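Open the model in a viewer and keep the selection panel at hand. The stops below say what to select and what is there.

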Protein chains: 2
Amino acid sequence: MTVPGDPPAAKPRRDSAATRRRLLAAATDEFAARGIAGARVDRIASSAQANKRLIYDYFGDKDGLFDAVLNAHMEQIIGAVPMHATDLSAYAGELFDYMVGHPDLLRLVTWARLEGRLGPVAEARSLQSYRRRLAAIEDAQRDGHVTARLTPPQILVLIESIAVGWIVTASEFLSLSDDDASDHNALREIIVDSVRRLTTSA
Amino acid sequence: MTVPGDPPAAKPRRDSAATRRRLLAAATDEFAARGIAGARVDRIASSAQANKRLIYDYFGDKDGLFDAVLNAHMEQIIGAVPMHATDLSAYAGELFDYMVGHPDLLRLVTWARLEGRLGPVAEARSLQSYRRRLAAIEDAQRDGHVTARLTPPQILVLIESIAVGWIVTASEFLSLSDDDASDHNALREIIVDSVRRLTTSA
């Protein structure tokens with residue numbers, strides 16, 4: 001919708017792509033901080049220096065904007081940490097690093113899960129990536145790099161729990177206490193070593 | 001505040017305790033489903049068949065009601081799964097069972113973490129329980145039941161990640177796929193066995 005006199009919409013098409021990007025960036029911050037129910041479209045528009053109506057034009061509504069943000073980030077998460085099935089402990093370490101370095105992404109996915117907006121697109125993408133990783137583990141088992149004691153889905157659940165699960169269970173204490181577990185490097189070593197112990201073929 | 005003609009407040013004190021309990025139960029459902037920002041005080045009052053003003057009288061505001069719900073449940077979580085430091089794999093299995101059996105509690109805690117309402121009371125309670133569990137692990141290490149390769153905080157982070165982390169990483173797939181990881185019993189066995197392998201003294 002073009003509104004005469006409305007600066008963002010009246011500019012050439014190249015600028016509308018830039019506005020879209022600014023809206024997505026502002027929406028990422030707002031949704032990561034407050035979730036879907038807590039996010040305010042006004043605040044997103046103002047922080048993106050864009051007209052609020054453009055959000056409705058580009059994304060339909062607040063839910064549509066969240067889906068656009070989530071899909072953009074799912075793409076990024078899935079591509080960011082490639083699996084080395086012949087060295088699953090290194091994969092666990094890289095998964096840990098990625099999560100430590102991108103707390104907002106994890107918050108977005110957690111809000112999406114809680115608010116029931118892990119939509120079909122995101123799920124289909126995750127499932128596709130999940131199946132690729134299962135196949136890679138199966139190959140590594142066949143070649144004797146990975147234990148045959150566990151099935152590929154079991155191995156994947158275990159690796160991801162160990163690499164990411166501390167976020168759910170211990171994050172309060174990681175900031176509260178001064179002991180070893182609060183040290184990210186020490187935690188990384190334990191994660192890598194535990195995955196090695198559990199997945200290497202005996 | 002007593003309002004003449006307002007049925008719940010006009011009844012004897014015993015009934016006001018019952019109303020408080022009904023409000024807490026309705027609030028648990030509402031907050032677990034929608035979080036703090038998404039919860040509606042109107043809906044909680046109507047589902048508890050109570051006057052909305054009583055929520056403000058008893059709990060101050062929506063945040064205060066959430067804190068009351070969370071504190072009641074933190075008490076329950078902390079008491080529900082006692083740690084056996086001499087058999088940490090059994091503890092991991094019981095932690096897993098508890099989380100599977102109480103999905104709403106985990107949702108409440110996750111909302112609280114995301115929305116920044118894991119208040120000082122809940123944190124102090126968790127920290128107290130955490131320190132008790134560390135001391136129990138230290139004793140079990142001294143008696144040779146538990147590996148000395150890891151510190152007590154490292155052992156606790158690892159156990160909780162393995163027992164609970166699958167909720168963050170795999171829950172989409174646990175409902176999407178028909179493979180082994182979707183079977184709670186199989187997952188429980190892997191969790192117990194992994195904790196045994198990682199924590200038993202060599």
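Select A:Ser194, A:Arg197 and A:Leu198 in H12(A), then B:Ser194, B:Arg197 and B:Leu198 in H12(B); the two groups meet each other. By class, this contact of H12(A) with H12(B) has two nonpolar, two polar and two charged residues. The model is a predicted one.

Now show the whole of helix H12 in chain A, residues 184-199, together with H12(B): their axes come within 10 Å and cross at roughly 110 degrees. Angles of 65 to 115 degrees count as roughly perpendicular, and H12(A) and H12(B) are therefore roughly perpendicular to each other. The crossing of this pair, H12(A) and H12(B), is right-handed.

## H12 of chain A against H9 of chain B

Seen as a crossing, H12(A) passes H9(B) in a right-handed way.

The contact of H12(A) with H9(B) divides by class into five nonpolar, two polar and no charged residues.

## H9 of chain A against H12 of chain B

Next, hide that pair and show H9(A) with H12(B). Their axes come within 11 Å and cross at roughly 55 degrees. That makes H9(A) oblique to H12(B). H9(A) passes H12(B) in a right-handed crossing.

For the side chains, select A:Gln154, A:Val157 and A:Leu158 in H9(A), which meet B:Ala186, B:Leu187, B:Ile190 and B:Ser194 in H12(B). By class, the contact of H9(A) with H12(B) comes to five nonpolar, two polar and no charged residues.

## The cavity

How many cavities of 30 Å³ or more does the structure hold? The structure holds one, and the largest cavity has a volume of about 30 Å³.

To find the largest cavity, select its lining: A:Val157, A:Leu158 and A:Ser161 from chain A, with B:Ile162, B:Trp166, B:Leu187, B:Ile190 and B:Ile191 from chain B. Helix H9 (152-164) of chain A and helix H12 (184-199) of chain B each supply at least two residues of this lining. A:Val157, A:Leu158, B:Leu187 and B:Ile190 were picked at the previous stop as residues of the contact between H9(A) and H12(B). Colour the lining of the largest cavity by class, and the residues divide into seven nonpolar, one polar and no charged.

Methods:
Residues are numbered from 1 along each chain as its sequence is written. Chains are lettered from A and ligands numbered from 1 in the order in which they are written. This is a predicted model: local features need pLDDT of at least 70, side-chain atom pairs count only at pLDDT 80 or more; totals for chains, interfaces and linings use all residues. Side-chain values use heavy atoms; hydrogens and water are left out. On a 1 Å grid over the protein atoms alone, a cavity is a set of points where a 1.4 Å probe fits but cannot get out, and a pocket is an open set with protein on both sides within 12 Å along at least five of seven lines; lining residues have an atom within 4 Å of a point. Grid points are joined across faces, edges and corners, and a volume is the space filled by probe spheres set on the points. Helices (H or I, at least four residues) and strands (E, at least two) are DSSP runs, numbered from the N terminus. Ala, Val, Leu, Ile, Met, Phe, Trp, Tyr, Cys and Pro count as nonpolar, Asp, Glu, Lys and Arg as charged, and the others, Gly among them, as polar. Axes are lines fitted to C-alpha atoms, for helices over the stretch in contact, and angles run from 0 to 180 degrees between N-to-C directions. Angles under 35 degrees count as roughly parallel, over 145 as roughly antiparallel, 65 to 115 as roughly perpendicular and the rest as oblique. A crossing is left-handed if the near helix is turned anticlockwise from the far one by less than a right angle, and right-handed if clockwise. Contact means heavy atoms within 4.5 Å.
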